[in-house]
Amino acid sequence: MSHDIVQEKVIDALQDALQEAKRKGQLRVESIPTLTLDLPKRPEWGDLASTVAMSLAPSERRAPYDVAQIILDNIARREALFDRVEIAKPGFLNMTVKRDLWLEVLAEIEARGQAYGRTTMGQGRRVLVEYVSANPTGPLHVGHGRGAAVGQAIAKLLQATGYEVVQEYYINDAGRQMKLLGASVYAKYLELLSRPVSFPEDGYRGAYIETVAAQVREQAGEALLNLPAEQAEQRCRELAYKDLLEKIRQDLRSFGIEFDAWFSEASLLASGGVEQVLTDLRARDLLFEQDGAWWFRSSSFGDEKDRVVRKQEGDYTYLASDIAYHRDKLQRGYDLLIDVWGADHHGYIPRMEAVVQAYGYPKERLRVVLVQMVNLLRGGRKVEMSKRAGEFITMREVMDEVGADAAKFFFLMRRSDTHLDFDLELAKQQSAENPVYYVQYAHARIASLFRVAEERGLPVPKPSAADLSLLRDPDEFGLIRKLSAYPSVVQGSAAALEPHRLTFYLQELAGLLHTFYFKHRIMPVAADQDVAEAAAFVKDASEMGKQREQVSPDLTGARLALMYAVQQVLRNGLGLLGISAPERM
């Protein structure tokens, strides 16, 4: 498991100090705790802080301050690693790291390039990420868009941390909703041919149903009038399903998402897969019959009650298909199953955990990520439902208005299980108020800087070709510290299945970059863009003002090398979110 390069060295030093203290008999240290480092609350307290002394104090039966002193006394190569290590009450170890060690971060970024931030944490374990999985009964709505962004980002984060990932879409193409789709399209078809019609009470009424019905009429003419209603509805269902599924695929493709596999519920039923798992569960006394229905003993595995899998009439419930589907996933040998669901499915989690346990696996083999609803706003006011699509606003409409990149970033800006207010006007603004523009512009700004340098015949050195010892300003080290934290952010986001942590990080890094750009000179005066541009990105730019510091060619080279590293990390991070890193904006 890899932390950033600086944290790794500091943690190694602390672990060695604990081992040495144990060897000398100064501390018992029955087991070396997992060490984590924090940022001190105030920068003057140091670069990194550890609470290890406080966590060890109870088992050592000593004051935390005394434990901290023993650890400090046993840190080997202290002078080589740290400028200063201080103990703050009750037992914090506050450490100021040597500048040369921070500069190694820039060399590491150059050496690893696109791989910077990637780790082998997952050790090649196989993960199936199933997401979106909307019924092919209509276009994807804005909520599906959020689920798509979250699912793809989770898959990319897991791939970046050493897991072997397959992305799958489960097509709910069987059951009552598909029958309703056929009946709804047939009713519209009859209406288009001016025939008497009774529209299904729970039917689909969006404008897209009329579009599909018109396509059916174009393909079949009046031929369906000669068929029994049931056959005609089935024909409508088949044509509508094919058309709507293709539109879903196209929308996802436009959103930059390609699934590795599409799994059909109907194929499970056709192959006898559902009947097979129910027979298997019955043989193991995990199904029982009551009042003519068959029930799954999910309460035996922590669910609040048992659940029906086959109704009195003989129809399977959704749970029956889901049992068969998840059994199939487990049989395919995945080490972890991740399902991304709408938050309204929260109560379904214990049922599926019961299924996993019924097949002899720990419930942790399944992890469910919930995605809450999206409120669309325009200039702060809620957007009413779409006239064109009927009951909801489609993902396509949002994508067409603000672009796929902005849509993804906004969908990923908050924890997925919290409600999201998505302001369409804000997502289109080219200003610092728009988070995705703010981050992408940071990348483009550095690209622009490099183009100007090239036009003026100035080399844009990579860190290995620059004199990095000239980087001495606290703001330069603020950027480097932020860059060093990137691997830990990626690792934490992947482990918690929380892509929003990465969007937060990128906004903070972009903020540091923009501030640095307006506060410090990177190249001689003539190369800089007009200071008026600052007003768009930094409030009170006139007060803040770019310092009229003199920059030597060597300092210019060092700062351009720093910009190179910042740009690489911005590009890496945006890539893990499925968002582009433009060179020009």
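1. Two strands count as paired if DSSP finds at least two bridges between them. Helices (H or I, at least four residues) and strands (E, at least two) are DSSP runs, numbered from the N terminus. By that rule, β7 (residues 287-290) and β8 (residues 293-296) run antiparallel and are joined by four bridges.

2. A word on the source. This is a predicted model, in which local features need pLDDT of at least 70 and side-chain atom pairs count only at pLDDT 80 or more, while totals for chains, interfaces and linings use all residues. Residues are numbered from 1 along each chain as its sequence is written, and side-chain values use heavy atoms, with hydrogens and water left out.

3. Back to the hairpin. β7 and β8 form it with two residues between them. Asp291 sits in the turn, with a positive phi of about 55°. Gln290 has Ala293 of β8 as its bridge partner.

4. Next, the open sheet. Five strands pair in parallel, in the order β6-β5-β4-β10-β11. The edge strands, β6 (261-264) and β11 (366-371), each pair on one side only. From one strand to the next, the twist averages 25°. Axes here are lines fitted to C-alpha atoms, for helices over the stretch in contact, and angles run from 0 to 180 degrees between N-to-C directions.

5. Which residue of β6 is the bridge partner of Tyr170? The partner is Phe263. Four bridges join β5 (residues 164-171) to β6, in parallel.

6. Helices on the sheet. Helix α6 (residues 142-160) lies across β4 (126-130), β5, β10 (336-342) and β11, and runs at about 160° to β5. Helix α13 (residues 349-358) packs on the sheet and touches β10 and β11 (contact means heavy atoms within 4.5 Å). The direction of α13 makes about 165° with that of β11.

7. Is Ser431 buried or exposed? Ser431 is buried, because its relative accessible area is 15%. Buried means under 20%, exposed over 50%, partly exposed in between (1.4 Å probe, protein chains only). Ser431 lies in the loop between α16 (424-428) and α17 (435-455). Leaving out residues up to four places away in sequence, Ser431 touches Tyr437 and Tyr438.

8. Cavities. On a 1 Å grid over the protein atoms alone, a cavity is a set of points where a 1.4 Å probe fits but cannot get out; lining residues have an atom within 4 Å of a point. Grid points are joined across faces, edges and corners, and a volume is the space filled by probe spheres set on the points. The whole structure has two cavities of 30 Å³ or more. Residues lining the second largest cavity include Val150, Arg414, Glu498 and His500.

Terms used: On a 1 Å grid over the protein atoms alone, a cavity is a set of points where a 1.4 Å probe fits but cannot get out, and a pocket is an open set with protein on both sides within 12 Å along at least five of seven lines; lining residues have an atom within 4 Å of a point.
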